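Please read it with the sequence and the coordinates open.

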Amino acid sequence: MVDEPTVVWATPSGAPERLEWRGRRWLVCARPVPWIDRVPWWLGVPRAPKGGAAGLVEQPMWRVQAMDSSGSDVVGLDLAVGTTGDWWRVTRVYE
């Protein structure tokens with residue numbers, strides 16, 4: 001499990017197309033798969049505002065396969081999307 005920031009360029013629908021991670025540029029080379037992860041909300045937020053718990057218990061994610069710009073490395077990544085879509089984090093690497 002990792003927790004590293006990344007810069008992601010996404011399609012208008014929000015799907016990742018390419019990213020910059022660990023100082024390298026990567027191109028998403030297979031269809032990205034959206035999914036929802038559960039967040040351990042009890043570790044960070046003692047109480048949720050009424051009607052505002054959805055963003056506290058679920059995290060939008062994408063699972064992607066990406067190739068580095070040289071074409072020599074391919075990795076699988078899980079990407080967490082910020083609630084406003086302006087930040088992304090790599091949460092898991094499949095090599």
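1. A pocket here is an open set of points on a 1 Å grid over the protein atoms alone, with protein on both sides within 12 Å along at least five of seven lines. Its volume is the space filled by probe spheres set on the points. The model is predicted, and the largest pocket in it holds about 200 Å³ of space.

2. What lines the largest pocket? Its lining counts 13 residues, and D37, Q59, M61, A80 and T91 are the ones nearest the centre. By class the lining is made up of 7 nonpolar, 2 polar and 4 charged residues. Strands β4 (33-38), β5 and β7 each supply at least two residues of this lining.

3. T91, one of the residues nearest the centre of that pocket, belongs to strand β7. Is T91 buried or exposed? Buried means under 20% relative accessible area, and T91 counts as buried because its relative accessibility is 15%. Leaving out residues up to four places away in sequence, T91 has contacts with M1, V2, M61, D78 and A80. Among these partners, M61 and A80 are also listed nearest the pocket centre.

4. On the overall layout: the protein chain has 1 helix and 7 strands. Read from the N terminus, the order of elements is β-β-β-β-α-β-β-β. Of contacts between residues at least 6 apart in sequence, 42% join residues at least 24 apart.

5. On burial and surface: the protein chain has 95 residues, of which 27% count as buried. Its accessible surface is about 6,400 Å², with 56% belonging to carbon and sulfur atoms.

6. The largest nonpolar core has 15 residues, and those touching the most other members are L19, W21, W62, L77 and L79. Two or more residues each come from β2 (16-21), β3 (24-28), β5 (58-68), β6 (74-81) and β7 (88-94). Which element gives the most to this core? That is β6, with 4 residues.

7. L79 deserves a separate look. With residues up to four places away in sequence left out, L79 touches T6, V8, P16, P60, M61, W62, V64, W88, R89 and V90. One of these partners, W62, is listed beside L79 among the core residues that touch the most other members.

8. P60 sits in strand β5. The cut-offs are 20% and 50%, so P60, with a relative accessible area of 33%, is partly exposed. Beyond residues up to four places away in sequence, its contacts are W35, I36, L79, A80 and V81. P60 and D37 are 23 residues apart along the chain, and their C-alpha atoms are separated by 6.5 Å.

9. P5 is located in strand β1 (residues 4-10). It counts as exposed because its relative accessibility is 58%, where exposed means over 50%. P5 touches W21, W88 and R89, again not counting residues up to four places away in sequence. With R89 the sequence separation is 84 residues, while the C-alpha to C-alpha distance is 4.4 Å.

10. P40 is placed in the loop between β4 and α1 (54-57). Its relative accessible area is 37%, so P40 is partly exposed. From P40 to L56 the chain runs 16 residues, and the C-alpha atoms are 8.4 Å apart.

11. R22, in the loop between β2 and β3, has a phi near 55°, a positive value in a residue other than glycine. Most residues other than glycine have a negative phi.

Note on methods: Residues numbered from 1 in each chain as written. Predicted model: local features only at pLDDT ≥ 70, side-chain atom pairs only at ≥ 80, totals over all residues. Heavy atoms only, no water. Core = buried A, V, L, I, M, F, W, Y, C linked by side-chain atoms within 4.5 Å. Buried < 20%, exposed > 50% of the residue type's maximum accessible area, 1.4 Å probe, protein only. Contact = heavy atoms within 4.5 Å. Areas by Shrake-Rupley, 256 points an atom, 1.4 Å probe, with all protein chains shown as cover. 1 Å grid on protein atoms, 1.4 Å probe; cavity = no way out; pocket = protein on both sides within 12 Å on 5 of 7 lines; lining within 4 Å. Nonpolar A, V, L, I, M, F, W, Y, C, P; charged D, E, K, R; others polar.
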